[in-house]
Amino acid sequence: MSTPTSTFSLEGRGLKLDTSDDTEPHTQDLSCTKTFTHISLSGNTLGAPACTHLAPLLSSQTSLKSINLADIFTSRLLSEIPPALSSLLTSLLPLSNLTTIDLSDNAFGLKTQAPLVDFLCQHIPLQHLILNNNGLGPEAGTHIATALSTLADRKAEARVNEGNNATKKTHIPHLETLVCGRNRLENGSMAAWAQAFKKHPHLKVVKMVQNGIRQPGICTLLLEGLKHCKELEVLDLQDNTFTHVGAEALSSVLPLWPHLRELGVGDSLFGRKRGMDKLCAALSKEQNKEIRVLRLQYNEINAKGVGRLLKVVEEGHLPHLQRVELNGNKFAEEDPDVERLRTLLEERKEAAEERGESQVAEEWGLDDFSDLEEEDSDEEEEESEAAAEEEDSEVEEKKEDEKEREKKAEGIVRNAEEEEGRNVSLKQDREVDVLAEKMGRTEMI
């Protein structure tokens, strides 16, 4: 007896499916077989009528566990995407086994994100969400994060209902994976993301690379959000801006993640103004012994920084470390500390092989040093640190300015509420309207 096929895939075929007639010849297997556990429609372009045709076929796949809907709207008008996306995502809501969805490489800006927000608010089985390169921006990114907070509330309610229903027992999974990179989330959406992470404390994988997040946003994300995720195993925040400010925030929360296996903070100016000192001090607390991989490329780390990391490893604080990425930093490849770190990681790999553990070459050793910079002289290093201090000072000033603006907004709104409470007719005030809208209120008249 043959084993039923578990995967249905049209991946990468470049099909342009506009109508039901276009779609039907390619989806006959979906009509005949209801036991697929994975479906991939990635790498094709789907119009709204095609998605309407697909919807009942998808909703009939009650065994479906994962679906890849990446890159399915290439060449489509923005006006086409919401109805098409709504048809697909609405059809997935009844599927109680569907835990994983990939919607990368689709345009989900302000004009197209609504169906995704609706889905995220409702799909309680969601466990792994992948949203890479969707052009969200800070405003749409805030909507997505807020939807995930709503999802956390829905999951909690479902667990309570599950506990009260002795006859119906269903597993309500935690959200474990959140990948949201290359989406221009910026500082403006970080408060919403921090709240979402706080409400999903069982997250294990968080990847938010290349989002234009600067120091204040990084601090908000780490200190108000990710610090609550005590089960975190993979954190990748590469290609955002840390500097000394973000490095200090990261170092303060690192000991809260005892299960962390991979840390990515490359291309983030992490090494400026003694950022490596902060990181190595945190790693020396022996609360992160499970770390296997450190991604520290393009961070202005000098030979002294590598030496500090080597000391942490030699002293046994990172007993499982097997991969360190340092290309693009400021030291010589033949530096003794670099050579010693390379040798130490190679020795660990050989020991693992002797124990019979399977090895993947890319998971061990140092990366290729194809793009190292010359190490700064002492004078240049002092100038670099001075520039970093000046930048950090500007960041602090901006944070204080933002606090002042928020206080002013709160005061104006509070005064308006008091006037409203006395039934005093208010004149139309554009400044108050703008500030009230910022505070989440409706327009005041």
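Tutor: The chain has 14 helices and 14 strands, where helices (H or I, at least four residues) and strands (E, at least two) are DSSP runs numbered from the N terminus. This is a predicted model, in which local features need pLDDT of at least 70, side-chain atom pairs count only at pLDDT 80 or more, and totals for chains, interfaces and linings use all residues. Residues are numbered from 1 along each chain as its sequence is written, and side-chain values use heavy atoms, with hydrogens and water left out.

Student: What is the strand order of the open sheet?

Tutor: Two strands pair if DSSP finds at least two bridges between them. Here twelve strands run β1-β3-β5-β6-β7-β8-β9-β10-β11-β12-β13-β14, with parallel pairing. At the edges, β1 (7-9) and β14 (365-366) each pair on one side only.

Student: How many bridges join β12 to β13?

Tutor: Three bridges link β12 (residues 293-295) and β13 (residues 323-325). Arg 295 has Glu 325 in β13 as its bridge partner.

Student: How are two packed helices described?

Tutor: By the angle between their axes and the distance between the axes. Axes are lines fitted to C-alpha atoms, for helices over the stretch in contact, and angles run from 0 to 180 degrees between N-to-C directions. Helix α7 (residues 190-199) packs on helix α8 (residues 215-225) at about 20°, with axes 8 Å apart. Therefore α7 is roughly parallel to α8 (angles under 35 degrees).

Student: Which residues of α7 meet α8?

Tutor: Met 190, Ala 191, Trp 193, Ala 194, Phe 197 and Lys 198, contact meaning heavy atoms within 4.5 Å.

Definitions and conventions
Parallel < 35°, antiparallel > 145°, perpendicular 65-115°, else oblique.
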